[in-house]
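Subject: Structure handover and findings

Hello,

I am passing on the structure we discussed, followed by notes on what turned up in it. Please read the notes with the structure open.

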Amino acid sequence: SEPSCARVVQAHVRRAVWARDLPCFAVLRRDRKGVEAEEGKGEMKRSGGAEIGDEKDPRKRPRRTVRDELAEAEDAVVAQDALARVRSPGTNGRKILVQTNVFPVYSEIQQAVLYHTNLTYRDSGEEVEKRELRLQAFNILLENEEIVAKIGGGEGLYFDGAYSIYATKELFPGDELELDFEPRPRKELRVKLKKTRTLDLSAATLEASVVNPATLNALNGFLKASQLRIPRLLNLRHSFYNMDKATYLGGGVTLYPGFRQSVQQISKGLGLKVDYTANAFEAPMVLIQDSPKESYIFERQRALNPESVYRKGSLTDADFHALKRLLKKKLVRTVHRKKARVYEVRDITSMPADQLDGWKEEDPAYTVAQYFEAQYGAPLKYPNLPCAVVNKKGQNPNYVPLEMLEVVPGQPVKRGRLNPQQVSQMMNLTCVKPHERFNKIMGEGKVRPNPEFQLRVEQPIQAKARVLDSPMLAYGRSRTAQVESGSWRTKNVPFYKPVPLESWGVVVFSKQLPRGYLEDRDIDSYLRTLQNVAQGSGMRVSRPAHILNAERVDPRDSNGIAEALQECSEKVRSTSGGVCQLLLCIIPGTKGDHAYRPEILHSCDMKLGIISKKVRTEKVVANRGLEAVLMNVVMEINAKIGGINQKLERVSRVGMVPFDHFSSTAFMGLDVSRKTPGSAVNIPRVAVLTSTTDDTGFRMISTHRANTIPAAEDDDAPPAIVQSNIVAPLAEMAKETVLNWAKLNQGRVPKYIVLYRNGISESQIKQVVEEEIPKLFEGCADATDELKALYSDISFAGCEKEGKYCPKVTYVCSMVGHNVRLAPMGRANREDMDRSGNVCAGVVLDQQIVSPHYFSFYMSSHGGLKGTKQVFLYTVLRNDLNLNSDHLQSLSYVLCHAYARCPRVLSAPCPMYYAGKILTRIGGALRIGEDFAMSDTASLSSMGPRDTSLMDIPMLHKDLALSMYFV
């Protein structure tokens, strides 16, 4: 939950300009003299900010500038009156102290000066817009002693890479200064510096109720400049990575550890949040060498066949296209020159180097291989391979053989580009216990004192927190379960409402095991154990009506998979009175999961309307813990087919909220998929809305839509994709949810709605309040006429406004990108920590490090398993129910206990958690990838054969609209 003002600077990425082995950063300082600006330098490319729309026509979205974002950030801070009133801290629970990673920040200087820069070409007056050119120009500008002398010596400056310079003092007398310089031959530029404002950095200002966004930008910039004094420190956005502590993950990928930091306004003054992080980067390897293990193209692209290169002497069509996908837009540097040059690969040639001619006008038959042999005195080792095209756009082609190029280090690798072994190794290296994480923060992440910027960072805050009491969970036969350390026991405890599984089938897509083959007796034994475990939970499971052997179906044959599923369902219906409750699909291990899963999800969820459950072959023959695994399977199946595993105790029994019980309240979750770098432009985001439907807090329904804005009625244009995280079709989704809620509750409608919204940042709060929340009320009002037509005796008592249905709404947004971590104070007090070394489940923190402007709190509801737990930040945007801190904190904690797949407390309230899970399910069904929902680094461009055009986000089958198919 970084402040909107801090995100303004962080949204405009600090591009690194690569020279030789070390990145050269855009920090303006005197000691940059001597660094040569090479014509061939590359840059780390990152995506720009989101777009904002026109009020009259939201489908027209002009690109916003830095000045627009600064103004928007200030408006977001000013518009506090529309938000829920800030409440005093809660009192429920046992009081403890926790260690935080928030450091108080103080400025020894009293003011800073903000300058706006305007860089233009001197001859034409046209503005230089490319960020890499601006960075190179300003680096060269500060190497000119005469110019540096005119701007105060070049010390105490920070350039944000876009338009703003922050300085600790005035650079020149007056308000404007124009300077001419020549960064390259025949390239004359003019820079105009204009004093925009003076920022007050005094202690009284920093402790004020509202801190100016530009002030936080200045402090973030100064702190970042202080860190960049450390050699060999790679900076990407607000994260810093240590290049000297690299770990090779194999496959041409290197792991760099580091930390990320940002300044945020806290209860008193400002706090610097520092967290340990790590990221995968491209390893500095030559593209091709004599050994495949030392060649980048074979390490990163295992699909390439070394034989076709080393023996056959030519590339197949499949190898050529794989190589092209791997190298395009990659930063490389030459290894055959004394002075290395850095390029970006634009393409690779279709002809090998020994046949590539026509590039030299004087001798059209002169090939690239002949040129390099004549120029450097040695023939190419691999003249049969294509060349990399490294020319800039609009220039003549520049061809370089692959053996002459090396990958530039420090290029981040998207998570979707890592193989399972690399992901597993990365997780093992980065999952560190809390005390180890905080040691790294205090070591590598510690801000070094720098007299140039005069910032003082003190010891991290030890905050006052509370441990909330866990609720009782009701089961069948008047049994209850007590939650301990984030989990509870369910063995031989009957479900609250078990549903018999009588008409179901099994589809065996594979019997292949990692070692061996799955026998029919293994499947029979698995099914018998499943029946026994279900019987212990009070659930009757009959033998499957039909078992279909579909091993003949190729995993790439989507039609064959769909036909096998339909065939089995029809056989089950023919023997079970036309009903098919479930299809159990046995698929191979990890690779098979990726192969079969998309088509199973797409066919069952969207075509056939059948509830499905997938089981991997190795789980069928598991020798250890099979009953525990099957207990979770039974819990999942019971929830899918309409049962209730456990019931949340009525909230009023523990005095948590002012209304009586869950039966008159809809607890909703809202989430939207992320737009990631490299995404296909025709894939819209998807929004999902979930809601509880009864007084148990367990049963839920869902709906999803493509997040698009429809064209006008007289316009034939397709709908426009919404580029921000704001849910445009929320009114339509809310209407459908209310109608389904009434259908399941005999014509009643919820009087109250408590909605948990995931996926927004603090800079978007104003937009959510002004655009999204009104759509929720619009959808409820639109459902009025249809509700009256369906239920003649319906009553809107207590939730009516101007004759329309209008419930009371509490709107809570949840964030995890705030970088706050909590750790127990020490190992002496064992009751404050769990077995993993994390703070115990149910810890809530609502003072000291929270924002003074919002009704917000941090909560760690779940028990830790490995590494350091994430902490959710909850911010209340609207509070019609008038809930205080104790009410909302206890309610949020209770809703984390309604998970259907295992007896553990979730890290977030179930409605919101399920919304994210559905997004992942939709992404899998569309072959877009697992990280469609939660990741900011995954690519959506690696689509399968299915056409995911703008309108091809298929709706859920009507037979599943009221089920928990998504569990």
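In which loop does Ser478 lie? Ser478 sits in the loop that runs between β23 (472–474) and β24 (480–482). Bear in mind throughout that this is a predicted model.

Although Ser478 is not a glycine, its phi is positive, at about 60°. Ser478 is exposed, with a relative accessible area of 74%. Asn819 is another non-glycine residue with a positive phi, here about 70°. Asn819 is placed in the loop between β40 (808–815) and β41 (822–824). With a relative accessible area of 7%, Asn819 is buried.

Salt bridges

The whole structure contains 34 salt bridges. One of them pairs Arg466 with Asp886, with the closest N and O atoms 3.8 Å apart. Arg466 belongs to strand β22 (residues 462–467) and Asp886 to helix α21 (residues 885–894), so this pair ties together parts that are 420 residues apart in sequence. Arg466 is buried, at 4% relative accessible area. Asp886 has a relative accessibility of 14% and counts as buried because the cut-off is under 20%.

A salt bridge also joins the side chains of Lys613 and Glu636, at 2.9 Å from N to O. This pair links distant parts of the chain, with Lys613 in strand β30 (residues 612–616) and Glu636 in helix α17 (residues 626–640), 23 residues apart. Both Lys613 and Glu636 are buried.

The side chains of Lys958 and Asp959 form a salt bridge as well, at 3.5 Å from N to O. Lys958 is exposed, with a relative accessible area of 67%.

Helix packing: α13 and α17

Two packed helices are described by the angle between their axes and the distance between the axes. For helix α13 (residues 520–536) and α17, the axes come within 9 Å and cross at roughly 70°. That angle makes α13 roughly perpendicular to α17. The crossing of α13 past α17 is right-handed.

Which residues of α13 meet α17? On the α13 side they are Tyr526, Thr529, Leu530, Val533 and Ala534. Their counterparts in α17 are Leu626, Glu627, Leu630, Met631, Val633 and Val634. Sorted by class, the contact between α13 and α17 has 9 nonpolar, 1 polar and 1 charged residues.

Two further loop residues

Thr693 lies in the loop between β33 (686–692) and β34 (700–706). Is Thr693 buried or exposed? Thr693 is buried, with a relative accessible area of 7%. If neighbours within four places in sequence are left aside, Thr693 is in contact with Arg699, Met700, Ile701, Trp741, Leu744 and Asn745.

Lys245 is found in the loop between β11 (239–242) and β12 (247–250). At 43% relative accessible area, Lys245 is partly exposed. Not counting residues up to four places away in sequence, Lys245 touches Leu255, Pro257 and Glu444. Lys245 and Leu255 are 10 residues apart along the chain, and their C-alpha atoms are separated by 8.5 Å.

Regards

Conventions
Residues are numbered from 1 along each chain as its sequence is written. This is a predicted model: local features need pLDDT of at least 70, side-chain atom pairs count only at pLDDT 80 or more; totals for chains, interfaces and linings use all residues. Side-chain values use heavy atoms; hydrogens and water are left out. Helices (H or I, at least four residues) and strands (E, at least two) are DSSP runs, numbered from the N terminus. Buried means under 20% relative accessible area, exposed over 50%, partly exposed in between (1.4 Å probe, protein chains only). Contact means heavy atoms within 4.5 Å. A salt bridge is a side-chain nitrogen of Lys or Arg within 4 Å of a carboxyl oxygen of Asp or Glu. Axes are lines fitted to C-alpha atoms, for helices over the stretch in contact, and angles run from 0 to 180 degrees between N-to-C directions. Angles under 35 degrees count as roughly parallel, over 145 as roughly antiparallel, 65 to 115 as roughly perpendicular and the rest as oblique. A crossing is left-handed if the near helix is turned anticlockwise from the far one by less than a right angle, and right-handed if clockwise. Ala, Val, Leu, Ile, Met, Phe, Trp, Tyr, Cys and Pro count as nonpolar, Asp, Glu, Lys and Arg as charged, and the others, Gly among them, as polar.
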